[in-house]
Amino acid sequence: MENLDQNRLPKHIAIIMDGNGRWAQEQGQDRLFGHYHGVVSVRKVVEAAAEIGIQYLTLYAFSTENWDRPAEEVAGLMTLFVETIAKEVPDLNKNNIQLQFIGDLSQLPPEARTALDVSTAQTAANTGLKLIIALSYSSRWEIVNAAQILAKRVLDGQLAAEDINEPLFAEALSTKGIPDPELMIRTSGEHRISNFLLFQLAYAELYFTNTRWPDFRKPHLIEAILDYQSRERRFGKTSAQITSNEENK
Ligand code: IPE
Ligand code: IPE
Ligand code: MG
C-alpha cells in the first residue's frame with residue numbers, strides 16, 4: 001500500500017465481479033456457494049477502497065441478462081442480496097459509506113426493492129466512500145432510458161434537440177453526478193465489458209485478472225491500482241503533449 005502514489009489515485013473504480021460460479025464448481029460445489037463467498041470479497045474490497053481513499057466504487061452485482069439464468073440461481077441471488085444489504089448497514093455506517101443502487105430496479109422482487117430503499121435511506125447522510133451497486137443493470141438499458149428521458153423533455157418543450165450535449169446526456173444516465181471511472185477491473189479471466197457502463201468507461205483504463213472474484217482481496221486491488229498508476233493516459237493526445245503538460249505543472 002505504501003507504494004501507491006497518493007496524488008494519482010483513481011477517484012472512481014468500477015469492478016465486474018466475475019467468476020463466482022466457476023470458483024464454486026471447481027471445488028465441486030453449487031454455484032450459489034460461490035456467490036456467498038463473493039460477498040466476503042465485497043466486504044473486504046469495500047473496506048480496502050475506503051481505507052486507500054477511493055471516492056467512488058461501483059460494483060456490478062447483477063446484469064439485466066442475468067435474469068435469464070436458471071430460476072434457482074436467480075432466486076438464490078435475490079435472497080442473498082436482501083440478506084446481505086440489511087446485514088451490512090451498521091458496518092457501512094461505521095465506515096461512513098454511502099450506498100446507492102443503479103439499474104432497472106423495477107424488475108426486482110418487492111422485498112428486494114424495500115431492502116434497497118431502506119439501506120439507501122439509512123446510509124444517505126454518510127460522507128465517505130460512495131458505494132454504487134449495479135443491480136439489474138445494463139448499459140444499453142441505461143442509454144435507451146436516457147434517450148427516452150431527453151426525448152420527453154424535448155416533446156414537453158423544456159429542451160431543444162440541438163442543446164443535447166455530452167454533459168446533458170450524462171445527466172440523464174443513472175450515474176448522474178458521479179465522475180467517470182478511471183479504472184475498470186474485471187476478475188476471472190474474461191476480457192469483455194458485458195454491457196457495463198459503456199458510456200462512462202470511454203477513457204477508463206481496463207485491468208483484467210485471472211483471479212476469481214471470491215479470491216479477490218485488498219492486495220489484488222492494490223495491484224490493480226499500481227498497474228493503473230504505471231500507465232500513461234493520453235486522451236487522444238500524443239505522449240509528448242502529455243509529458244510537456246506534466247513538466248509545466
Ligand atoms: C459473477 O459470477 C456474479 C454474477 C454474475 C451474479 P458468475 O456467476 O458470472 O460466475 P461465473 O462467471 O459463471 O464463474
Ligand atoms: C457480468 O458477468 C455481470 C456481473 C458480473 C454481474 P457475467 O458472468 O454475467 O458476464 P458474461 O455472461 O460472462 O459476459
Ligand atoms: Mg460470469
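Visitor: What do I need to know about the model and the numbering?
Guide: This is a predicted model, where local features need pLDDT of at least 70, side-chain atom pairs count only at pLDDT 80 or more, and totals for chains, interfaces and linings use all residues. Residues are numbered from 1 along each chain as its sequence is written, chains are lettered from A and ligands numbered from 1 in the order in which they are written, and side-chain values use heavy atoms, with hydrogens and water left out.

Visitor: OK, the sheet. What's the strand order?
Guide: The order is β3-β4-β2-β1-β5-β6, in an open sheet of six strands with parallel pairing. Strands (E, at least two residues) and helices (H or I, at least four) are DSSP runs, numbered from the N terminus. Two strands pair if DSSP finds at least two bridges between them.

Visitor: Which strands stand at the edges?
Guide: β3 (98-102) and β6 (205-208). Each has a single partner strand, so one side of each is left without a neighbour in the sheet.

Visitor: And what does the twist average?
Guide: The twist averages 20° from one strand to the next. Axes here are lines fitted to C-alpha atoms, for helices over the stretch in contact, and angles run from 0 to 180 degrees between N-to-C directions.

Visitor: Let's take β1. How many bridges join it to β2?
Guide: Five bridges join β1 (residues 12-16) to β2, and the two run parallel. Ile13 has Leu57 as its bridge partner in β2. Ile16 stands opposite Tyr60.

Visitor: What about β1 and β5?
Guide: Four bridges there, again with parallel strands; β5 covers residues 183-186. Ile13 has Leu183 as its bridge partner in β5. For Ile16, the partner in β5 is Arg186.

Visitor: Is β1 mostly covered or mostly open?
Guide: Mostly covered: five of its five residues are buried. Buried means under 20% relative accessible area, exposed over 50%, and partly exposed in between (1.4 Å probe, protein chains only).

Visitor: Which way do the β1 residues point?
Guide: His12, Ala14 and Ile16 point one way, Ile13 and Ile15 the other. In a regular strand the side chains alternate between the two faces of the sheet.

Visitor: Why is β2 largely enclosed?
Guide: Seven of the eight residues of β2 (residues 56-63) are buried, so the rest of the structure largely encloses it. Seven bridges join β2 to β4 (residues 130-137), and these strands run parallel. Ser63 stands opposite Tyr137 in β4.

Visitor: Which helix lies across β2, β3 and β4?
Guide: α3 (residues 71-94), running at about 155° to β2. Contact means heavy atoms within 4.5 Å.

Visitor: New topic. How much space lies in the largest pocket?
Guide: About 900 Å³. On a 1 Å grid over the protein atoms alone, a pocket is an open set of points with protein on both sides within 12 Å along at least five of seven lines, whereas a cavity is a set where a 1.4 Å probe fits but cannot get out; lining residues have an atom within 4 Å of a point. Grid points are joined across faces, edges and corners, and a volume is the space filled by probe spheres set on the points.

Visitor: How does the lining divide?
Guide: Into 21 nonpolar, 10 polar and 12 charged residues. Ala, Val, Leu, Ile, Met, Phe, Trp, Tyr, Cys and Pro count as nonpolar, Asp, Glu, Lys and Arg as charged, and the others, Gly among them, as polar.

Visitor: Which residues other than glycine have a positive phi?
Guide: Asn195 is one of them, with phi near 65°. Asn195 sits in the loop between β5 and β6, and counts as buried at 14% relative accessibility. Phe235 has a positive phi too, near 50°. Phe235 is in the loop between α7 (218-229) and α8 (239-247), and is partly exposed at 46%.

Visitor: Last one. Where is Ala125, and is it buried or exposed?
Guide: Ala125 is in the loop between α4 (110-123) and β4. At 70% relative accessibility, Ala125 counts as exposed. Ala125 and Arg212 are 87 residues apart in sequence and 33 Å apart in space, C-alpha to C-alpha.
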